[in-house]
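Reader: I am new to protein models. Could you show me how to read this one, feature by feature?
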Amino acid sequence: MTSPVTREAPVTVCVFTQRFSSTPRGARLARRLTLHQLDRWRIPYGSEASDTAALLVAELAANAVTHGRVPGRDFELTLSYTPGLRLRIDVSDTRGERRPAATTPGPLDEGGRGLLLVGALASRWAVLDRVPVGKTVRAELDLAVP
């Protein structure tokens, strides 16, 4: 007796990885290169997916520069795109002991809303350990229409 063969469509995952200096300029460059790379992957500038990804990268990169900075160490951006299905954004820094947590800021607080924004825009997000040192904050966008 043989089992039936199930054919699945091949999946190509596109990956972009780049390190940036842990400075505001590095965070700005990460956002700009994200937009450029998404356009190369046929997610056009100005589309909802492109704009959402840019906001997520901007927030995660700013957090890496502000809260995860270790002098002399860069942060890393990795974009993984499964066409038509998912875009994964990973921002890694070398400061593993400072893990982000979504909190509810008070009405007069000047900061603390970044991860609320990430939670609202991303399909899901998580904080992962990075080997050998540091952490990765991952945000995913589901692109498939339900």
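**Reading the model step by step**

Author: Helices (H or I, at least four residues) and strands (E, at least two) are DSSP runs, numbered from the N terminus. This is a predicted model, in which local features need pLDDT of at least 70, side-chain atom pairs count only at pLDDT 80 or more, and totals for chains, interfaces and linings use all residues. Residues are numbered from 1 along each chain as its sequence is written, and side-chain values use heavy atoms, with hydrogens and water left out.

Reader: How many helices and strands are in the protein chain?

Author: Three helices and five strands.

Reader: What does "buried" mean?

Author: Buried means under 20% relative accessible area, exposed means over 50%, and partly exposed lies in between (1.4 Å probe, protein chains only). Here the protein chain has 146 residues, and 36% of them are buried.

Reader: And what counts as a contact?

Author: Heavy atoms within 4.5 Å. Take the contacts in the protein chain between residues at least 6 apart in sequence: 64% of them join residues at least 24 apart.

Reader: Now the helices. How do the axes of α2 and α3 cross?

Author: First, the method. Axes are lines fitted to C-alpha atoms, for helices over the stretch in contact, and angles run from 0 to 180 degrees between N-to-C directions. The axes of α2 and α3 (residues 114-121) come within 10 Å, and they cross at roughly 150 degrees. That makes α2 roughly antiparallel to α3. The cut-offs are these: under 35 degrees is roughly parallel, over 145 roughly antiparallel, 65 to 115 roughly perpendicular, and the rest oblique.

Reader: Which residues make the contact between α2 and α3?

Author: From α2 come Thr52, Leu55, Leu56, Glu59, Leu60 and Asn63. From α3 come Gly114, Leu115, Val118 and Leu121.

Reader: Is the crossing of α2 and α3 left-handed or right-handed?

Author: Left-handed. A crossing is left-handed if the near helix is turned anticlockwise from the far one by less than a right angle, and right-handed if clockwise.

Reader: On to charges. How many salt bridges does the structure hold?

Author: Eight. A salt bridge is a side-chain nitrogen of Lys or Arg within 4 Å of a carboxyl oxygen of Asp or Glu. One of the eight joins Asp142 to Arg86, with the closest N and O atoms 3.9 Å apart. Asp142 is in strand β5 (residues 135-142) and Arg86 in strand β3 (residues 86-93), so this pair links distant parts of the chain, 56 residues apart.

Reader: What other salt bridge does Asp142 form?

Author: Asp142 also pairs with Arg124, at 2.7 Å between the closest N and O atoms. Arg124 sits in strand β4 (residues 124-129), 18 residues from Asp142 in the chain. Arg124 is partly exposed, at 36%.

Reader: What about Arg88 and Glu140?

Author: Their side chains meet in a salt bridge of 2.8 Å, N to O. Arg88 is in β3 and Glu140 in β5, 52 residues apart. Arg88 is partly exposed at 27%, whereas Glu140 is buried at 8%.

Reader: Which residues join into one network of salt bridges?

Author: Arg86, Arg88, Arg124, Glu140 and Asp142, through salt bridges that share partners.

Reader: How many aromatic pairs are there?

Author: Two. Rings of Phe, Tyr and Trp (its six-membered ring) pair if their centres lie within 6.5 Å; planes under 30 degrees apart count as stacked, over 60 as edge-to-face and the rest as tilted. Trp41 and Tyr81 have ring centres 5.6 Å apart and planes at 15 degrees, so they are stacked. Trp41 lies in the loop between α1 (24-40) and α2 (48-67), and Tyr81 in strand β2 (residues 75-82). Both Trp41 and Tyr81 are buried.
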